[in-house]
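Me: I'd like to learn how to read a two-chain model feature by feature. Could you walk me through this one?

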Amino acid sequence: MAAIIISADEIKKSLKDYDPKKSHLVHRQSTKLADKEFVEAVKSSAYKTVVLLSGGSASGKTEFVSEYLVNQDLIIFDGTLPSFEGAKIKIDFAKKHGKNIRISAIWPDDIKVAFAAFLSRDRKYPDEYFYKTHIDSRQALLEIVLSKNTAPITIYRNFFDQSGISYREMSFQNRKSLIDYLQTNQYTQRELLDTIANIND
Amino acid sequence: MTEKLLPKPSPNNKTVNEYVRAVEHGLKAQHVMAFPGGWVIRTMGRVGASQVFSTEKEAVAEAKKRATTKGADVFVHGRDGKIRKRI
């Protein structure tokens, strides 16, 4: 068996007007279609577990799925999980249909590495999109934990070095320590811009 | 908090390899940025002092030269830090 993977980025490629150099122009359309596919998959698939991915653009989410999840009986929503409201709708819907649900957040250890990947891959977005998805996905994750809308959350850190990429799974003693960690690891656009601007540091 | 290293991704994983190539390419990019007193060229993959150019035009011309040698892209950032132009 193989995972059912729902990805707005993959859906984009099938759209008539898709131009990788202007990916943002079909983003809304592909996101809507992905949401529709998610609903259908949850309703019709016998798979019992849903995984929602979370993390900013070019964090290594799709790569994580391709290496660690693709051969499991899972319904996977490969997106940035940019809002608490959107996440809640998916969590509630999956639970209503008897699914177990968990969230896998992929965080780059070095935001500059993710930015390098973001600038160089085939599909292009304005850099505003990079900052927004990294800020929003972390904020949404914190709100999910604070809401007690319980879906287990695991954070994986994506490391890059000369041997390529690797992932580390982070474990927290309790919910409070996870909340503390999320609260101290939020971004603002200014912080991201400053980090990118000091790219030699 | 504890961390557990997951098994290294397979060297045959095409998706991972494409990501790694994108990172490596991106790290070579030449970023022209505003700096007190002028413009500088920065890269993400190298630490080092930057020459300060008095005009953006001069900085872009030099960045293009360096990019050609490295097979890299050039990005010009506005004073707010956001990318204004990809060359």
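Reply: Gladly. Let's begin with what a contact is: two residues are in contact if their C-beta atoms, placed from the backbone, lie within 7 Å. Keep in mind that this is a predicted model. In chain B, taking contacts between residues at least 6 apart in sequence, 29% join residues at least 24 apart.

Me: Which elements does chain B have, and in what order do they run from the N terminus?

Reply: Chain B has two helices and six strands. Read from the N terminus, the order is β-α-β-β-β-α-β-β.

Me: How many residues of chain B are in contact with chain A?

Reply: On chain B, 34 residues touch 32 residues of chain A. The elements giving two or more residues to this side of chain B are β1 (2-5), α1 (14-27) and β2 (30-35). The largest share, nine residues, is from α1(B). Sorted by class, this side of chain B holds 16 nonpolar, eleven polar and seven charged residues.

Me: What is the strand order of the open sheet?

Reply: To read a sheet, follow the pairing from strand to strand. The seven strands here go β1(A)-β3(A)-β2(A)-β4(A)-β5(A)-β6(A)-β1(B), with mixed pairing. β1 (4-7) of chain A and β1 of chain B each have a single partner strand, so one side of each is left without a neighbour in the sheet. From one strand to the next, the twist averages 25°.

Me: How many bridges join β6 of chain A to β1(B)?

Reply: There are four, and the two strands run antiparallel. E169(A) has K4(B) as its bridge partner, while R168(A) stands opposite L5(B).

Me: And how should I read the nonpolar cores?

Reply: In soluble globular proteins, nonpolar side chains tend to be buried together. The largest nonpolar core in this model has 35 residues, and V50(A), L52(A) and I144(A) are among those with the most contacts inside it. Strand β4 (residues 100-108) of chain A gives the most to this core, five residues. A second, separate core of 31 residues includes I111(A), V16(B), F53(B) and A72(B).

Methods. Residues are numbered from 1 along each chain as its sequence is written. Chains are lettered from A and ligands numbered from 1 in the order in which they are written. This is a predicted model: local features need pLDDT of at least 70, side-chain atom pairs count only at pLDDT 80 or more; totals for chains, interfaces and linings use all residues. Ala, Val, Leu, Ile, Met, Phe, Trp, Tyr, Cys and Pro count as nonpolar, Asp, Glu, Lys and Arg as charged, and the others, Gly among them, as polar. Two strands pair if DSSP finds at least two bridges between them. A nonpolar core is a set of buried Ala, Val, Leu, Ile, Met, Phe, Trp, Tyr and Cys residues joined through C-beta atoms within 7 Å. A residue is buried if 20 or more other C-beta atoms lie within 10 Å of its own, exposed if 12 or fewer, and partly exposed in between; C-beta atoms are placed from the backbone. Axes are lines fitted to C-alpha atoms, for helices over the stretch in contact, and angles run from 0 to 180 degrees between N-to-C directions.
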